[in-house]
Amino acid sequence: MFEEIDWIIVPGGPGISREYLEMPLSFLTDNYKFHFYDPLGTYENNSKKDINISELVEQIFSFANEKGLKKFGLISHSFGTYLSIKAYQIKPELIQAMLFLNPMPTRYEEWKMSLNKIINRVPDIFKDKISQLMSKCDDDMGVALFKAIFPFYSNSKHVMLPDIKFNNKMCDYLSSQVEEYNHISSIEKLECPYVCIVGEKDPFYYPDMFPEDNTIVIEGVGHYPFYEDQEKFNDSIKTTEKLLCLKKKIMKIA
């Protein structure tokens, strides 16, 4: 099923370069039709200063139109899953399947608790360093900042990260626009096959976020399994392929 669908890759963040997903996903297979774009608010696409959440959602559809995709699947990570659910609410007929990678919690209060959990993971000795990097992230386009905060999102302290651009100011600006939400009912109403891949140690993971038979839990990793354990992540994609095919067949029968 992966090879049959054109997949739009929706990055998280917001404000993180598409490269952070493009690099690890490129190791999967040449047969998958993955389409990557530069989200508004990243250093690659930062011409507008007054972006809103609706524009981030609409960008998914405009990109699909630009690529000539009449229908497509969505593979989204973290904050990107929040955008993908909103996109489905607007034009469900265009979306053939969905894969949520380390999703943003499905309830607003859990998202806020997760952010606090991450903040509390940071030792005081590192907080000043991170604050300094945040104040001058334009100097290196946030590369040093992303590397500094990565360990507190992951379960691995010794990951060799590539240079990933991170627009922290735009991340804060767009995140502040997130209003109280509850996507539980929206997920229950999904009429396309979907699978959620989560890291067991992901600070954003709550066991009841998605139905158990729609969820693959990767043991020993956090929010970035494709960097923390590429082999386990690749295996989870193979399992996802089988699950999506099975769910597609069941939906046809029903």
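Visitor: Where is Met-141 found?

Guide: Helices (H or I, at least four residues) and strands (E, at least two) are DSSP runs, numbered from the N terminus. Met-141 is found in the loop between helix H5 (124-135) and H6. Please note that this is a predicted model, in which local features need pLDDT of at least 70, side-chain atom pairs count only at pLDDT 80 or more, and totals for chains, interfaces and linings use all residues. Residues are numbered from 1 along each chain as its sequence is written, and side-chain values use heavy atoms, with hydrogens and water left out.

Visitor: What is the phi of Met-141, and why is Met-141 called partly exposed?

Guide: Its phi is near 60 degrees, a positive value in a residue other than glycine. As to exposure, buried means under 20% relative accessible area, exposed over 50%, and partly exposed in between (1.4 Å probe, protein chains only). Met-141 has a relative accessible area of 35%, so it is partly exposed.

Visitor: Which strand holds Ser-78, and is Ser-78 buried or exposed?

Guide: Ser-78 belongs to strand E3 (residues 72-78). Ser-78 also has a positive phi, of about 55 degrees, although it is not a glycine. Ser-78 counts as buried because its relative accessibility is 10%.

Visitor: Which peptide bond is cis?

Guide: The bond from Gly-13 to Pro-14 is cis, with omega near -5 degrees. Pro-14 lies in the loop between strand E1 (6-10) and helix H1 (19-25).

Visitor: How far does helix H4 reach, and how are its buried residues arranged?

Guide: The expected span of a helix is 1.5 Å times one less than its number of residues. H4 (residues 108-121) has 14 residues and reaches 20 Å from its first C-alpha to its last, close to the 20 Å expected at 1.5 Å a residue. Its buried residues are Tyr-108, Glu-110, Trp-111, Ser-114 and Ile-118. Seen down the axis of H4, they fall within an arc of 165 degrees (taken from the directions from the helix axis to the C-beta atoms), so they line one face of the helix.

Visitor: What covers the buried residues of H4, and what covers those of H6?

Guide: Contact means heavy atoms within 4.5 Å. For H4, the cover includes H6 and H7. In H6, the buried residues include Phe-146, Ile-149 and Phe-150, and their cover includes H4, H5, H7 and helix H9 (225-228).

Visitor: Which residues does Ser-156 touch?

Guide: Not counting residues up to four places away in sequence, Ser-156 touches Phe-150, Pro-151 and Glu-228. Ser-156 sits in the loop between helix H6 (143-153) and helix H7 (168-175), and its relative accessible area of 16% is why it is called buried.

Visitor: How many disulfides does the structure hold?

Guide: A disulfide is a pair of cysteine sulfur atoms within 2.5 Å. The structure holds 0 disulfides. Cys-245 is in no disulfide, and the nearest cysteine sulfur, that of Cys-192, is 14 Å away. Cys-245 is partly exposed, with a relative accessible area of 27%, whereas Cys-171 counts as buried at 11% relative accessibility.

Visitor: Which helices and strands supply the lining of the largest pocket?

Guide: E3, H4, H5, H6 and H7 each supply at least two residues of that lining.
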